[in-house]
Amino acid sequence: MSIDTGWSCLGPSGTGPRPASRRDFLRRAGGGFGLLALASLLDRDGLLAADATGSPSSPRTQPLDSRSPHFTPRARRVIFLFMSGGPSHVDLFDPKPELIRLAGQPIPESFGTFKTRRNVARNHLLPPLRPFHAHGQSGMEVSDFLPHLAEHVDDLCLLRGCHGDSVTHPESVYLMNTGSILMGRGSLGAWASYGLGTENQNLPAFVVLPDPGGWPKGGAPAWGHGFLPATCQGTLLRGGDSPMLDLNRPPGVSAEQQRATVDFVNALNREHLRSGEFNPELGARIAAYELAFRMQSHAPEVIDLARESPATRRLYGLDRQVTAEFGTRCLLARRLVEAGVRFVQVYCGDTHGWDGHSRMEENHSRLCAQSDLPIAGLLKDLKARGLLDSTLVIWGGEFGRMPMSEGSDGRDHNPHGFSMWLAGGGVKGGQTLGATDAVGLRAAEDKAHVHDIHATILHLLGFDHERLTFRHNSRDERLTDVAGKVIGRVLA
Amino acid sequence: MEESRVRVHARFARARIAPGMVRVIQLRLEFALAVKRPQTLRRCQALLAVCGLMALTSPCLGAPMAPSHWAFVAPARVEPPAVRDTSWSRNPIDPFILASMEASGLAPATAATREQLIRRATFGLLGLPPTAEERDAFVHDRSSGAYERLIDRLLASPHYGERWARHWLDLVRYAETDGFEHDALRPHAWRFRDYVIKSFNEDKPYDRFVREQIAGDEMWPHEPDAVTATAFHLLGPDMVDSADPVQRRLNTLNDATDTTASVFLGLTFGCARCHHHKFEPLTQQDYFAMQAFFAPAVFQREMPIPTAFEQAAHDRGMERYRTGAAATQKSLHELEAAYRDKLHAERLARLSPDARLAHQTPKEKRTTEQEGTVAETAPMMRFTDSELARSMSVEDQARRTRLLEALKKVPKPLPLPMTMALQNKSGPPPRTFVLARGDFNHPEEEMRPGFPAVLAGRGLEPAAQAESQGSRIQRLAAHQPRTALAHWIASTENPLTARVMVNRIWQHHFGRGLVSTPSDFGTRGAVPTHPELLDWLAREFVARAWSVKAMHKLILLSSTYQQSSHASSETLARDPDNRLFSRQNRRRLEGEAVRDSLLAISGRLNRHKGGPGVSPPIPADLARSSKSWTTSTDLAHHTRRSIYILARRNLRFPFLEVFDAPDSNLSCPERGSSTTAPQALTLLNSDEAMEAARAAARRLLHEAPTAETRVALAFRLVLGRRPTAQEQGMVGDFLKSSSRRSSEVPAPNSEIRAADSGVTEAAWAELCRALFNLNAFVYVD
C-alpha cells in the first residue's frame, strides 16, 4: 500500500480554507501559492481526489512531502540560533566610537525622544564593554566577546540596521518569530514547513530545541502554528532518553510487546479496511502507526551523539563544561538538518537569557562563553560537510540593547536598532549591511525591519513572501502582513 | 421608516463623502428630530438622499455595495420541497436534503445501525461514549419512540452542557491566562466557562444568551450570570504589563469588535480596521462605529457578583468583623502606613507615564480611559503581604506578626464571588475615531455607535429603532450602548444571527455546515449547499423561541442525520465531497472526547462539575522547561472532564494539543482533524493511555467472568459494538502471545492471574491499549 501520511496531514476539516467542492476550491486557489500548496496537500491526502471506485488503495503520498517553492531555493533548510532576551549589538557587533567619546554623558538632545522599557532615555551613555577588532579578509569588526566567531566573519552577512516595533520581550519575541507583536500568528518555522514540507518522513519539518533553563518570554506561541495547520507547529526535541513527547514505550511494556501491539492494531485496522468501506482516514491512520513506530527507533538515532568523532565533539565544545550543553544542541541541529528537517530553532539563554538590565558584563560574558565556540563549530562543521551552501544559519534575538546605561552597569531593551547575521545558503558572506546612528540607538542606513528580514529568509527558501499566503477568515494572511522587502544585497 | 432610510443614506454617505459636509447635515437632522420640525427634517432628508445617491453612483469611493448578497437578506419563508420518494422523510429537514439528492439522481444512504446511532448521538451530544448498559438497552429496545427517548435522555444529561460549551469556548478564544510574558492566571475566568455550560444545560434561549454576552451588565446588572457573560469580550490574550496602556486598551477593543462580529454575525470584520474591506461591503467607518458601542466600557478583571442573599450575609459578617477587629486594625494600620506608602511609590514609578498620571488623578476626576487604565494596571500596583513584611524593620515585623495573630482570631466572612466583566463608567463616554491604518496616533473623523451600513439598510439601525420607539430607546442608546447592539444582533430581523447559529449546530452534527465557512457568511464565504434549508432552519429556530435543544432534536430525529456513513460507490462517484449530505460524515473525535472516553471506559471519570480549572499531570520535562504547570495535588482532579483542565495560553495541555485543540488566541470556528504520528505515539505511549488500559483491564476482570465475555465487554466499551468472528480469532491469538510475553516480563504492580483462561492481566491491558488505538475508537461512524 502506498499510503503514507506522516507528520502533517490536513484532515477533512483542516483549520485552513477547506474547499466546499473541487470547483469551489480551484476558484479560490487562484488566490495564492498557499492554496495551491494546499491543493496538492489535499490531493495527496486523497481528500480532493474523487475516488470513483471507492478503493482505498489508490495512490496517495505524504501530505508534508518535500515540495518545490516558487523559484529555485538558495537554502533548503534553516538553523535559527535565537538569542533569547536580546543581546547587545553595541557590545557585540556594532562598534560605536562616539559611544566611547560621549560615555558618561546623557544622549545629545539631537537624538530626540524614543520609547524605552524602563525610562532610561536620560541616563548616561555606557561605552562598549569590550574592544572591537577587524577580522578576516573582509575586515568585519567584531567584539572581543566573540573570538571564535571572529574567525568566520567572511561567511557572515552582518545586518547592522535591524529594527522592530516593541520595547517588550513577548511582543518582540512574537514579532521576530511570527511577524506580529500580537499572540497567535504562525511562526517562521511553521510557514517554512507549510511551504516546503519535510525532506525526511520519519521526522517533523520544524524542530525546536529550547534552552533547558526555560522557554523564551512569550512561551510556546513563539513556535506555534497560529492559523496554519496544527501539524506545522514546532516539535520540541530534547536531549537524553526521551527526546520527544511519548516517544518511548510505556514503562513495563517490552519492545517485543510494543511491536506486537502495533502489529495487532494495524491488523485490526486492515481487517476493517478489507470490509470494502470507503474509509480514507483508515489508510492514513495505519501509515501514522507505521511512522510512529519508525520514529521510536529513528529519532533516538538522530539524537544519539555517541557516533560523532571526538574531533567533532571538541569542535562543538562538548568536552568543556561551559559549552557542552549549548554545543550539544548545536550539534543536534546539524544532525537534524542533515537528516532532512527543514527548520531547526535553537534557543540560547533561559527565560532571562541575554536580558542584561544589570551586570551586563557578567551576563554577556557568560552567554558568549556558552555560545561562541559552539556556533563557530557549527559553521565550520556545516562547511566541512558541504552543508553550509544549502543551509541558512540565522543569528539574532528579539531586539538589541540601549546605548545608555540602566542602573550603573546594565542596558535596557532596544528595538529601534540592533544587529543580526545570516550565513550559508544563498547569503553573500563577508559583508556588513546597514548601520545605526552614531551611538547605536536607531537603525539609520539601509534599515531592515523584521518584516524585511522575514521576506529575505523566505526568498532564500525560494518563496515570494507576497505569494506565500494562507486564507484565514477571508484574508490571505502572510508572514510579512502587508509589509516586507527582500534585502537584495544579502543575496550571493 | 422614512427617517430610518435617511439615516441609512447618512451612514452610507458618511463613509464616502467629505465628513464635514455630512456632519453638518447630520447636525441639522438631529436638530430637526429634536424639535420635530418637519420642514427642516424634509430638507435634510433631501440633502442626505443626494449624498446617498452620490455614494451609490461613485463606485471608486469606499467599499463596493453588495446589498443583494444572500446572507444580508432576511431568510425567506420557504416550504419543504416536493420529493419523489415520500417514504424516507421523517421531518421537514429531509425533503430539502432528499430533493437535492434526487435532482442529482442519488438515493440516501441506508439507515445507520442502532449501535452506530447511540454511539453517534451520545458522542454528538455528550462527548462521551454510551455505557455498555445504555448501548445494550437501546439496541434491544424495539418499541416505537425508543430513539426519541434516547435523544431526550441525552439532552437532559448535565454532560450535554459540558460538550456544547466546548464548541462555544473554541469560538470565544477561551483561556484562563493572559498570555504574553507572564501568562498570569485569571483566577475568575472559569466562571465564564461554567456560565456557558449552565446556559446550554438550561437551554437558555439563544437570543438571551447573545444579549447577556454583549450587554448582560447593562441589562441585568443584578444577575451574576448575566454580568459574567460579558467576560466574553475580555477572554482574548492581554499584555497586562504593556508599556502602552492606550494601545493595550485598543487591542482589547479591536478583539472585542472582531470576535463579536465573527461569532454572532459570521462577519470577518478585522480587515476593515485598517482600510475599507476589500471584499466585503464593510467600511472603516462601519468598523469604528461598531467599536464605539464598547467605548464606555471599563474592563474589570475582578468584579464582585454576589446575589442579594450573599451580599446581605457578607455585609452582616463584615459588620461583626469590623467591630471585633477595629482596635487591632487601627494599630496595624498605623504601623504599616509608612511602609505601604513607600511600596506604592515604588510600584507607581514602574508604570508608564500615562498610567502613573491615571493613578495619581483622584478617582472622581479620572476620564474613562484613565479609569480603564487604573483597572488594567491594578495588578501591577499590588504588593504581597510578604513583600510588605520584607520592607519592614525587624522590630516592626515582629509587632505586625503579633497584631495579625490577634486579627486572625476575629471571625471573618468568606470573600464575595468575583468575575471578569465589562462595566460602563458613568458620564460622557470617550470618543471613538476612525483610525488611519488602525493606528491610534492617527485619528480621523469621530464615529458614534452604529451598525454596518450594508446591514442597517434592512431597517435595523439603532437610531431608526430609537426614533420609531421614542425617546426611551434614544436614552438607552446614549447610556447603554451595548444594549442597543445586543438588541440589534439578537433581533429576529437580523438576517445573520439565527442563520449563523443554526449552521453551527448543523456543523457539529454533520462535520460540515450548510455553509462550510461557519464564521464567514460574507461575500467571500462559501455559498450554502442548501440555502432553502438554511433559511427554513433559521426561521424555525426563531419560531421555537431560539431553543438550541429544539434544534438538536429536530436535526437528530431527521432521516438525514440517521443515515449510515457508508456510501455506495455510485454515491461516492457523484457526491465525493458529500455536499449533498447523501450519507453521514465519519468524524474523528476531538482530543477532549478521546481523553474523556479513556477515563469513562476505564471507570475513572470524575463527573464533578464546575469550579476553577484543574491541572492533571503533564510530562515532567515539559513542566520543567515551561515552568508554568503546577499539577493539582488532589488526585481526584486528574480524572475530571477535559473541559475543566486549566486552559493556559502558553502551554496547551499536550494530550489535547496533539489532537488539534485550537490555540486560544483567535476565534476558532472549526477544528482541524489531522491524522499524525504524534497522535499514534500519544495513544500508544502516554501515561493517560497506559493508565486507562490497565484500569480497563481490571474492570474487565472484575465485571465479566470468562475470556469470551471479557473480549465482548472490551469491544462494547471501547468501540460500542461486538467483535466479529474474525476479530475474535485475532484477539484470541493476541491475548495468548501477550500473556506469554508478560509472564516472561511481568508488568509492575500487576498481579498475574492465570485464572480460568490463562490470560494475564497485562495481556488484557494490552488488548485495551490496542483497542484505544483503533481507527474505530477515534472515529464515529
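Which residue stands opposite F343(A) in strand 7 of chain A? The residue is F206(A). Strands here, like helices, are DSSP runs numbered from the N terminus: a helix is H or I with at least four residues, and a strand is E with at least two.

Some ground rules come next. This is a predicted model, in which local features need pLDDT of at least 70, side-chain atom pairs count only at pLDDT 80 or more, and totals for chains, interfaces and linings use all residues. Residues are numbered from 1 along each chain as its sequence is written, while chains are lettered from A and ligands numbered from 1 in the order in which they are written.

Stay with strand 7 of chain A, residues 343-348. Two strands pair if DSSP finds at least two bridges between them. Strand 1 (residues 77-83) of chain A runs parallel to strand 7 of chain A, and six bridges join them. Within strand 7 of chain A, Q345(A) stands opposite F80(A). Strand 5 (residues 206-209) of chain A also runs parallel to strand 7 of chain A, with four bridges.

How exposed is this strand? A residue is buried if 20 or more other C-beta atoms lie within 10 Å of its own, exposed if 12 or fewer, and partly exposed in between; the C-beta atoms are placed from the backbone. Six of the six residues of strand 7 of chain A are buried, so this strand is largely enclosed by the rest of the structure. Both of its faces are covered. On one side sit F343(A), Q345(A) and Y347(A); on the other sit V344(A), V346(A) and C348(A).

Now move to strand 4 of chain A, residues 156-163. Eight of its eight residues are buried, so strand 4 of chain A is largely enclosed by the rest of the structure. Five bridges tie it to strand 11 (residues 418-424) of chain A, and these two run antiparallel. There C162(A) has F418(A) as its bridge partner. Strand 12 (residues 431-433) of chain A pairs with strand 4 of chain A in the parallel sense, over three bridges. In that pairing, Q431(A) is the bridge partner of C157(A). Strand 15 (residues 448-449) of chain A pairs with strand 4 of chain A in the parallel sense too, over two bridges. Here C162(A) stands opposite A448(A).

Next comes the nonpolar core. Such a core is a set of buried Ala, Val, Leu, Ile, Met, Phe, Trp, Tyr and Cys residues joined through C-beta atoms within 7 Å. The largest one has 296 residues, and L81(A) and C768(B) touch the most other members. Helix 8 (residues 280-303) of chain A gives the most to this core, with 13 residues. Another core, of ten residues, lies apart from it; V90(A), I107(A), V120(A) and V439(A) are among its members.

Turn to chain B. It has 35 helices and six strands. Of its 781 residues, 52% are buried. Two residues are in contact if their C-beta atoms, placed from the backbone, lie within 7 Å. Among contacts in chain B between residues at least 6 apart in sequence, 71% join residues at least 24 apart.

Leaving aside neighbours within four places in sequence, G372(B) is in contact with R249(B), V298(B) and F299(B). R249(B) belongs to helix 12 of chain B, where P245(B), R248(B) and R249(B) meet E369(B), G372(B), T373(B), E376(B) and T377(B) of helix 16 of chain B.

Helix 12 (residues 245-265) of chain B and helix 16 of chain B pack at about 90°, with their axes 10 Å apart. Axes are lines fitted to C-alpha atoms, for helices over the stretch in contact, and angles run from 0 to 180 degrees between N-to-C directions. The two helices are therefore roughly perpendicular to each other. Angles under 35 degrees count as roughly parallel, over 145 as roughly antiparallel, 65 to 115 as roughly perpendicular and the rest as oblique.

Last, look at two loop residues. F180(B) is found between helix 8 (158-171) and helix 9 (190-201) of chain B. Its phi is near 55°, a positive value in a residue other than glycine. F180(B) is buried, with 28 other C-beta atoms within 10 Å. D660(B) is found in the loop between helix 29 (654-658) and helix 30 of chain B. Phi of D660(B) is near 70°, again a positive value in a residue other than glycine.
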